[in-house]
Amino acid sequence: MHKPATLFLILLLFFCAIPSSSYGEASRRIISLAPNITEILFSLGLGDRIIGVTTFCDYPEEARKKPKVGGMWNPSLEAILNLKPDLVAVSTNGNHKEFEERLRSMGIKTYIFTARRLSELPRDLREAGQAFGAGQRAEVLAQEIEATLSRFKKPAPLRKKRVFFIVWPDPLVAAGPGTLIDDVLNLLGAENVAGKARVSYPKYSIEELLRQAPDIIVIGDMREGIQKMSEGLLKRLKSVPAVKNNKVFYIGDDLYRLGPRTPKGIEDLSRLLGDKP
Amino acid sequence: MKLKIFFVIVIFFFSFGLSLFWGPSVINPFNLDETSREILLSIRAPRSVVALLMGMALGASGAVLQGILRNPLADPYVLGISSGASLAAALGILAGASVFGAVTVPLFAFAGAIATGAVVGMMGWNRGVIWPERLLLAGVGLSFLFSALLMLIMSISADEGLRRAILWIFGDLSMSDWTRVPYGLVLVAGGLAIPIVRARALNALVLGDEFAHSLGFSPGKERLLLFVSVGFLTAASVSLGGMIGFIGLLVPHIMRFMVGSDNRYLVPVSALSGGALLCFADLISKSILPPMELPAGIVTAIIGAPYFLFLLRRKNVLSL
């Protein structure tokens, strides 16, 4: 009596399972749980399939208009379920693993972006391109990034420029090891002064910074008021070569996210460091 | 007794001196190069002075508060003053206010602390006097309310300014410069003067209102006066460097083990040792993993709490 029903169910599951192997191609309703994923998906031409993003997803402009499902660390499961996605894209760099597992246990397909470092970005893009059926665009993007990487790759100069990248001026927080910014500074043949700290975004000692005397200071200008907020800090750093020689620069937020804007960020930073590409 | 007080004074100056010359790197005062000089004078010196002032305010206000509320668990944060200050400071940070330049956030914090202190005082006020139980409960209630509002703001805001707000709330001395010293000095000196001058009245209050009355003190008025001084001290400390736990609650108890419960000694000694402890803890927090800095509040508790527990086992007395 129950047999036909069970059989039907098994068949149904079977047929449902087939398209999942070709992953996102069939996905018409995608939710992105990280700002860099949102940017990547838009640049792959999948913008109109995105039905939900996080509150941090502010680029490109269209992303701002998408429904929000919460932050990167605390997205709302309910908001996600309400949007009825057929795929949720998560990142190992910012989202909680448990949340991804929870989504899968509720029968929602997930796609995981794994790139954390600059060198892993082209591979991540190609894989995503395959999975989302946007292989050609992904290939173009990946090649653009690879071209930028080889164009800017420099043999280490005799004396490396010593650069300090400020993520937040008050209290002082720097871009340390394992960040995209650290990777880019290394690529450009510069030394990241904060590269030997123990964490990615260390709260940095001002007196140590005075001692380390960086040649160049770059301040991430990601929010209104940063420049004003930095004034007090720069006044205290007035004996540092970077400040004395007017080598303090502000840069946009392109280098905070591993994605399609990364090449532009590399070019901007390279220009500030005074190198010709 | 004199020896013990002398000992605390020595520790106070010793930790100040140590924090000037020791740190992520050692500075030799007899062989200063340009950078060391600058680090010493414009980074370490103001930071150490701010740490001392803040620790003094916390230690003294804890001792006074435990006395006027006759409660060993009272500390400057239990009255909600610090939550009010943090809420105001976080609002200032998130609104991106910079009307008064670098002192904007401390100013917000100070205003928040004074306003909260006034509200708590009014709630505890009845029939012309301040009632300890009402004061304490009003403080606890407001503290919960403000903490909840703070969490609310933080939950609904996706702002990067949050990082600053959070670090600030957990106590941060890294941005201390000389601009904070003058007002800190005035407030702490003023806030300390009242309990030192009124120490006999505070002693009498600890023994009970009737007893105080029979000694010729008016319990209601004395309590109000001392409460105002606690308000100023707490406001000063929160606006100097955010919230740092432990000192206000446990330093007075450690000092009671040492010099006894007489507030003529207890209040100044709690102030001195609170200052010394914070200065030393800040030194550790910036030197242990250079060039990274840890929040000083973590270190104060890690150094202080085991010592307190050790004393608690050995002396097994704990009275006000």
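## Where the two chains meet

A salt bridge joins the side chains of Arg44(B) and Glu207(A), at 2.5 Å from N to O; the term stands for a side-chain nitrogen of Lys or Arg within 4 Å of a carboxyl oxygen of Asp or Glu. Across the interface of chain A and chain B, the rule finds two salt bridges. On the side of chain A that touches chain B, the largest share, five residues, comes from helix 9 of chain A. Helices (H or I, at least four residues) and strands (E, at least two) are DSSP runs, numbered from the N terminus.

In total, 28 residues of chain A are in contact (heavy atoms within 4.5 Å) with 33 residues of chain B. About 2,800 Å² is buried between the two chains, and carbon and sulfur atoms give 56% of this; buried area is the accessible area (1.4 Å probe) that two parts lose on being put together, summed over both. Lys203(A), Glu207(A) and Arg236(A) supply 27% of the area that chain A buries against chain B, more than any other three residues.

## About the model

This is a predicted model, in which local features need pLDDT of at least 70 and side-chain atom pairs count only at pLDDT 80 or more, while totals for chains, interfaces and linings use all residues. Residues are numbered from 1 along each chain as its sequence is written, chains are lettered from A and ligands numbered from 1 in the order in which they are written, and side-chain values use heavy atoms, leaving out hydrogens and water.

## Arg47(B) and its partners

Which residue meets Arg47(B) in a salt bridge of 2.8 Å, N to O? The partner is Asp282(B). This pair links distant parts of the chain, 235 residues apart: Arg47(B) is in helix 2 (residues 34-68) and Asp282(B) in helix 12 (residues 263-287) of chain B.

Arg47(B) counts as buried because its relative accessibility is 5%, where buried means under 20% relative accessible area, exposed over 50%, and partly exposed in between (1.4 Å probe, protein chains only). Asp282(B) is buried too, at 3%. Arg47(B) also forms a salt bridge with Glu293(B), with the closest N and O atoms 3.1 Å apart.

## Another pair in chain B

Asp262(B) and Arg264(B) meet through their side chains in a salt bridge of 2.7 Å, N to O. Asp262(B) is buried, with a relative accessible area of 18%, whereas Arg264(B) is partly exposed at 37%.
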